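Please inspect the structure before reading each solution.

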Amino acid sequence: MRHIQRRIALLALPALVGSILVATGPAGADPTGPSAATSRSQPEDRESVRLVQIRLTGADMLDKVAAAGFDLEHGLRRVPTGIEGEAVVTAEQVTELTAMGVEVLADDAGFAWSDQADGGIGVDAAGAWAVQPSNHQATVRIARADWFTTKGQGFLYVEARTTEGQQADPIVGMQVENDSGKGTPFGFARTMSRFVDSGQYMFHRNLFKLDTRPTRIQVTSSTGGVTTGVVSNWLENAPPPLTANPSYKSDFVDGYKHPQQLYSRAKEIARQYPDIAEIVYLPNQTNGYQRKAQAQLGGTGQAAVVVTSAAWGHEGGNDITVEFVDRPDANLPLAVEVTGKAVRVLLATDAAGAPASTATQVADALRTRSAGLIDRAHPYRTNEGSGIVAPTAGPVALTDFLDQKRVGAPEGEVPRGPATIPVLRIGKHRDGKKPGVLIQAQDHAREWVPATTSLESAERLVHNYRSDRETKKIVENTDIFFILSNNPDGANYSFYNFASQRKNMTNHCPDASADPAQRNSWGVDLNRNYRVGSGHDGYAGGSTNCVSGTYQGPEELSEPESKNIIWLVEKYSNIKFMMSVHSNGGQLFWQPGAYIADGRITTPRPPLGDEAFYWQSAARILSQVKAHRETVVTPENVGGSSDVLYSSAGNVREDLYYTYGIYAFGWEVGGSVYNPATGNWQGGSFQPEWTGNPELVSGHAETMEYANGIMEMFRVAADWGKDKKDPTSRLIPGDGKYRGPVDVRFETSEPATIYYTTDGSRPTLESPRYAATEFREPGQVFHVTETTTFRWFSVDSAGNIEKNYDPTKTDKRNNYRTATITIAKK
Ligand SMILES: [Zn+2]
């Protein structure tokens, strides 16, 4: 089989990267230090980080690279050859990545799905598709065939499976053809890309650029399986958004907001609109925007000593100085003198009067004899500390480094110490009877657009409540909880110190990773810290390495920020919907979101009714996103996150769905916008220029379009709360006599899960569930060869049961559904 790939500029580096994603500013001596001789220690992290585009062969490599501590979450995208994305790295790390087999792409050389519809680069059908003689049943199924348009361009997305997809020798190829409208012949043969994840064949899929909407497609496997399918619309004919009402007010947020601004506005909204808004304070304070003060001194390598204060920097740690003192006499013992906050280590001397204390000896002395000022002192990283430390030129001031503002940081001082996170609760009836919706933004500190998107949604609710009918319906029928930033410490660090900060600021690192040069890598990935499908239980995508971008924490729920979420959904058990808002990528996720890599065992797949409800809700939400400026989140980026992207062990969505039954969405706002000028999809960034190109990558445009989507999610919740209508269902074909074996399947009137029996027993919630043939496919087909009676009932996403049947207890009515397929005896 021949692969033809066109290399085009897909993930052009956003112009902003150069100005925002820079390392901490130059260290610089502090002229106000304790003495004129004071010098700041110079940790070895002065090299600039930059964002590079990379390609990994697959999830296995992603795990390895993440475990090695590389920061490359988000902006990741499945491509036929693996996973592409962005890494925030130094030049030295680029070399390390390359050594691990990661391909570092030139700035303008991303991979795009093959996108020609005119057959111009099509595979030579005769040459590539010699149908192999086959004496077995090869089957091909189409999971999706979706048509959409964006900015004047049509696209066809196809996802199909062959039952022989896992076969590796030879690999079974797939080819898709489409017609050009009703009644036209198939043509335009193109090769499909095989998608393998964690060693398992997933499906074949491609996104093709087309000028004419096809009505049908035909998919053929290289072993002779063939099937046809009807093309559906994806996000076409979106209903007008709320913003279409001329009197509707929007566009409230005028720029990026740091946590103090977000929280202050949340509290102001609660004061201004007391009839529909209030603040709920989360009980666990964060561990704080604060650090211990540190220095690294005594030399390099085996002679280096890393010193950390007992007190937080702002609580006295920054006032401490440490000096290593050389003395002229011979054979002197090591001693420590403490005067106020000045610690002097009088180095031991040998017979010749030269310094003779090793790094280990000095570290031990500092830990035990510094009058409690220093509680952590150790050799550098994994060194034994056998080198003789050198005297310092004078006292060295310890620092928490938090006064080093990054270039472009906002004005003002950041409050030090633990933060209390306010939740902005909006709803006319906040009595626990309306369906609750939790919007949780900025678990990841550097993701600034999720915070503005959430704030914009809150503003739209309160400003339009009195004047807009649709908004009034939302406010009167839902109970909304906004966490505008769930990681204020990390977010402040991102705004003021290190723009690429992802995690919170809690340092769980052992000595080997505790030197100040590592400080930008400390912290826990809050979206890996939960209890279901967690890394602690062997699921993939969470790291045990404290400096990894996906560090999962020392235990499940170790962090106050994740404990708070659990507290909130347990206290407000009416919360039935949740959106974990991230950036960037243009993706919308649900379960499963994690798997055990060996065998690719996912968290349990949602029942078919939930899956269908997720898809239906996603289409509503994403149609409203599209309505703003035609941004399309494509179907290959929608679904169970571990199916379409990667496994993220211990994410919040898994916990909330499996533990509490909350419909838990996650999305990656921003990025992946089609650019008609170049004909390519363009990726975004964590902090796009606020007033960037309004048609492409712009913080403002992303905020407005994704706020549309959040507003629609509220409408989904309101409709769900009012859904008292029972679902109906039927078996196709139904009751009847058939001459031979017959294929039957269930159909429901709305997203609903069917429980059924075929053994004569009454159906209960423990009965088999009607399932999909395979994930991302419609319901299974039963091949019935003998007379069989199906007994079943259906339950919709709101819990309504067909015909009010009660599956929990026997009643005489037995009003479940039945159908008998009678197969005539020959
Ligand atoms: Zn994120």
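## Exercises on a predicted model

Helices H10 and H13 are roughly parallel to each other, because the angle between them falls under 35 degrees. The structure is a predicted model, and its average pLDDT is 88, with 89% of the residues scoring at least 70.

**Exercise 1. Describe how H10 packs against H13, and state which residues make the contact.**

Step 1. Two packed helices are described by the angle between their axes and the distance between the axes. Helix H10 covers residues 560-571 and helix H13 covers residues 652-660; their angle is about 30°, and their axes lie 12 Å apart.

Step 2. The crossing in which H10 passes H13 is right-handed.

Step 3. On the side of H10, the contact is made by Ile-565, Ile-566, Val-569 and Glu-570, and on the side of H13 by Val-652, Asp-655, Leu-656 and Tyr-660. Sorted by class, the contact of H10 with H13 has 6 nonpolar residues, 2 charged residues and no polar ones.

**Exercise 2. Determine whether H7 and H8 are roughly parallel or roughly perpendicular to each other.**

Step 1. Helix H7 spans residues 448-464 and helix H8 spans residues 469-477; their axes come within 8 Å and cross at roughly 105°.

Step 2. An angle of 65 to 115 degrees counts as roughly perpendicular. H7 and H8 are therefore roughly perpendicular to each other.

Step 3. Arg-460, Leu-461 and Asn-464 of H7 meet Thr-471, Ile-474 and Val-475 of H8. The residues of this contact comprise 3 nonpolar, 2 polar and 1 charged.

**Exercise 3. Describe how H5 packs against H7.**

Step 1. Helix H5, residues 259-272, packs with H7 at an angle of about 10°, and the axes are 11 Å apart. That angle makes H5 roughly parallel to H7.

Step 2. H5 passes H7 in a left-handed crossing.

Step 3. From H5, the residues Leu-262, Arg-265 and Ile-269 meet Ala-451, Leu-455, Glu-459, Val-462 and His-463 of H7. The contact of H5 with H7 divides into 5 nonpolar, 1 polar and 2 charged residues.

**Exercise 4. In the open sheet of 3 strands, find the strand order and the edge strands.**

Step 1. Strands of a sheet pair through backbone hydrogen bonds, either parallel or antiparallel. In this sheet the order is S36-S38-S40, and the pairing is antiparallel.

Step 2. The edge strands are S36 (729-732) and S40 (782-784), each of which pairs on one side only. Neighbouring strands are turned by 30° against each other on average, direction ignored.

Step 3. S36 and S38 (residues 742-748) are joined in the antiparallel sense over 4 bridges. Ile-732 stands opposite Arg-745 in S38.

**Exercise 5. Which strands form the edges of the open sheet of 4 strands?**

Step 1. The order of this sheet is S37-S42-S41-S39, and its pairing is mixed. The edge strands are S37 (736-738) and S39 (752-757), since each pairs on one side only. The twist from one strand to the next averages 30°.

Step 2. S41 (residues 788-796) and S42 (residues 817-823) run antiparallel and are joined by 5 bridges. The bridge partner of Phe-790 is Ala-819 in S42.

**Exercise 6. Where does pLDDT stay under 50?**

Step 1. Over residues 107-138 the pLDDT stays under 50, and the model has 85 contacts beyond four places in sequence for this stretch.

Definitions and conventions. Residues numbered from 1 in each chain as written. Predicted model: local features only at pLDDT ≥ 70, side-chain atom pairs only at ≥ 80, totals over all residues. Heavy atoms only, no water. Pairing = 2+ DSSP bridges. Helix = DSSP H or I, 4+ residues; strand = E, 2+ residues; numbered from the N terminus. Axes fitted to C-alpha atoms, helices over the stretch in contact; angles between N-to-C directions. Parallel < 35°, antiparallel > 145°, perpendicular 65-115°, else oblique. Left-handed = near helix turned anticlockwise from the far one by under 90°. Contact = heavy atoms within 4.5 Å. Nonpolar A, V, L, I, M, F, W, Y, C, P; charged D, E, K, R; others polar. pLDDT = per-residue confidence, 0-100.
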